[in-house]
Structure formats: C-alpha cells, structure tokens
Amino acid sequence: MALYNKVNKEVLKLRLQASDKKRITLSFYQYAHIENPEMFRNEFYRLLEKTQVFGRIYVAKEGINAQISVPEPQFEQFKSDLYSIPFLNGIRLNIAIEDDGKSFYKLKIKVRNKIVADGLDDNSFDVTKRGKHLSAKEYNDLTEKDNTIVVDMRNHYESEVGHFEGAICPDVETFREELPLVADMLKKDKEKNIVMYCTGGIRCEKASAYMLHNGFENVFMLDGGIIEYARQ
C-alpha cells in the first residue's frame with residue numbers, strides 16, 4: 001500500500017469540487033511522547049485512509065498537530081479510530097463552523113522535528129507536564145483576582161488586532177522569541193497565577209510546560225484558546 005497520494009493534485013481538486021459528499025473540517029493537537037514518529041506516521045496514515053480523511057498533519061517526537069476534513073457519514077467511525085490511540089483518546093476536536101469541507105483534497109502526514117517551532121531543547125523539560133486548562137467561565141473568574149497575570153502568547157501583530165483587557169502583549173514576531181522573554185518579564189511573580197492564551201491553544205500548551213519548568217508555581221491556559229472561548 002502506498003502511504004502517500006499518487007494522483008495529480010489538479011485531478012484531486014476537480015474530483016473534490018465535483019463531489020456532493022459533505023465533509024466536516026476540524027483540527028486537533030496533542031503533546032505526547034512519540035518514540036518513533038516515522039512508524040507512528042505510517043500507522044496513522046493507514047488508519048485515517050480508511051475513513052477518507054484529507055488534510056495536513058505534522059507528527060514529531062513531541063506530539064501531533066492536525067488540520068483535516070472527514071466525510072460526514074464516516075465521522076463517528078473516524079472518532080472511534082482516533083480515540084483508539086491511547087494518547088488521543090477523548091481529545092477535543094475543534095470543528096470549523098464556517099467551512100464548506102473542501103479545504104483539503106488529499107491526506108498529507110509529515111514527520112517534523114517540532115509540531116510548533118519554538119527553538120527550545122525539548123530534552124530539558126517534559127512538554128506533557130503542562131499547566132491547568134481553564135474553561136471560559138474559569139478564565140473569567142480567575143482573571144478577576146488581583147494576584148493573576150494574563151499573558152497573550154500570540155505574535156504582536158495578532159494581539160494588535162484585539163486582545164483581552166489588561167493582558168501583557170509581548171512585542172515579538174515569533175513564538176521562539178516570546179517564551180524566554182515572558183519568563184524573564186515575570187521572574188519576580190513566580191507565585192502569582194499566570195494565565196496564558198493564544199488562538200487555538202497549541203502554543204500555550206508548550207508555554208505552560210516551559211513556565212512550570214522555570215519555577216512558576218501556578219500556571220494556567222485558556223483551553224482551546226480564543227476560538228474555544230468565543231464558542232463557549
């Protein structure tokens with residue numbers, strides 16, 4: 001079995017546009033310890049191919065990051081297959097509301113060094129030992145307290161569009177620059193509640209583990225980021 005697509009992309013695009021089969025677009029991510037990313041990649045490709053999943057997925061030793069579409073009639077089978085993998089069991093699927101399901105026309109799974117570029121030495125700390133997730137209500141309640149600091153973990157051009165009132169918005173262009181900068185900015189506040197948020201949550205997962213590793217005691221993150229907060 002070929003573990004990659006062999007059909008011309010223009011043919012695939014035309015085939016998708018002509019299809020009347022409804023597809024659900026979604027994303028998910030999970031930090032985990034994957035000992036052999038190449039082997040996992042191949043097994044995962046075989047699993048998703050069964051339910052005609054299209055999309056772009058990155059696999060690394062630190063976990064998985066996926067943006068995909070699934071045929072609506074096979075969605076429940078897809079979830080069952082996905083949840084059969086122990087570290088993905090019960091993972092939240094972020095379903096796109098405004099999407100025609102035709103964003104992807106083939107399945108592409110790539111092995112990378114990182115699922116998010118951050119410039120960190122992952123051997124120096126455990127990415128799975130992360131902060132506590134907050135629902136929208138929990139976020140609102142905690143950020144009302146005087147001993148809470150809110151940090152926008154997006155790039156400066158994202159936070160300029162809009163950010164939570166009172167949030168610290170580091171003037172950086174990349175996530176790689178932001179992590180050490182934030183840790184240094186807050187080094188005198190290690191006992192306070194540090195609440196971080198980003199667009200979809202994936203950057204804050206890594207950031208919270210990094211902050212805990214650097215001695216911060218009470219680290220929280222907005223579960224699912226701004227997207228899930230708005231939905232709730």
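Biologist: At what distance from the ring centre of Tyr58 does the charged end of Arg112 sit?
Modeller: In this predicted model, local features need pLDDT of at least 70, side-chain atom pairs count only at pLDDT 80 or more, and totals for chains, interfaces and linings use all residues. Residues are numbered from 1 along each chain as its sequence is written, and side-chain values use heavy atoms, with hydrogens and water left out. A charge sits over a ring if NZ of Lys or CZ of Arg is within 6 Å of the ring centre and within 35 degrees of the ring normal. For Arg112 over Tyr58, the distance is 3.9 Å.

Biologist: Is Ile109 buried or exposed?
Modeller: Ile109 belongs to strand 5, residues 107–111; helices (H or I, at least four residues) and strands (E, at least two) are DSSP runs, numbered from the N terminus. Buried means under 20% relative accessible area, exposed over 50% and partly exposed in between (1.4 Å probe, protein chains only). With a relative accessible area of 5%, Ile109 is buried.

Biologist: What distance separates the C-alpha atoms of Ile109 and Tyr58?
Modeller: Along the chain, Ile109 and Tyr58 are 51 residues apart. Their C-alpha atoms are separated by 5.9 Å.

Biologist: How many aromatic pairs are there?
Modeller: Rings of Phe, Tyr and Trp (its six-membered ring) pair if their centres lie within 6.5 Å; planes under 30 degrees apart count as stacked, over 60 as edge-to-face and the rest as tilted. By this rule, the number of pairs is eight.

Biologist: What is the relative accessible area of Phe87, which pairs with Phe40?
Modeller: Phe40 and Phe87 form a tilted pair, with 5.7 Å between centres and 45° between planes. Phe40 lies in helix 2 (residues 37–49) and Phe87 in the loop between helix 3 (75–83) and strand 4, so the pair ties together parts that are 47 residues apart in sequence. Phe40 counts as buried at 12% relative accessibility. Phe87 is partly exposed, with a relative accessible area of 24%.

Biologist: What is the volume of the largest pocket?
Modeller: On a 1 Å grid over the protein atoms alone, a pocket is an open set of points where a 1.4 Å probe fits, with protein on both sides within 12 Å along at least five of seven lines; lining residues have an atom within 4 Å of a point. Grid points are joined across faces, edges and corners, and the volume is the space filled by probe spheres set on the points. For the largest pocket, this gives about 640 Å³.

Biologist: Which element gives the most to the lining of the largest pocket?
Modeller: Strand 3 (63–71), strand 4 (94–95) and helix 8 (225–231) are among the elements that each supply at least two residues of the lining. The largest contribution, five residues, comes from strand 1.

Biologist: What is the radius of gyration of the protein?
Modeller: The protein has eight helices and nine strands. The radius of gyration is taken over C-alpha atoms, and the globule rule is 2.2 Å times the number of residues to the power 0.38. That rule gives 17 Å for 232 residues, and the protein's value is close to it, so the protein is as compact as a globular protein of that length; its radius of gyration is 19 Å.
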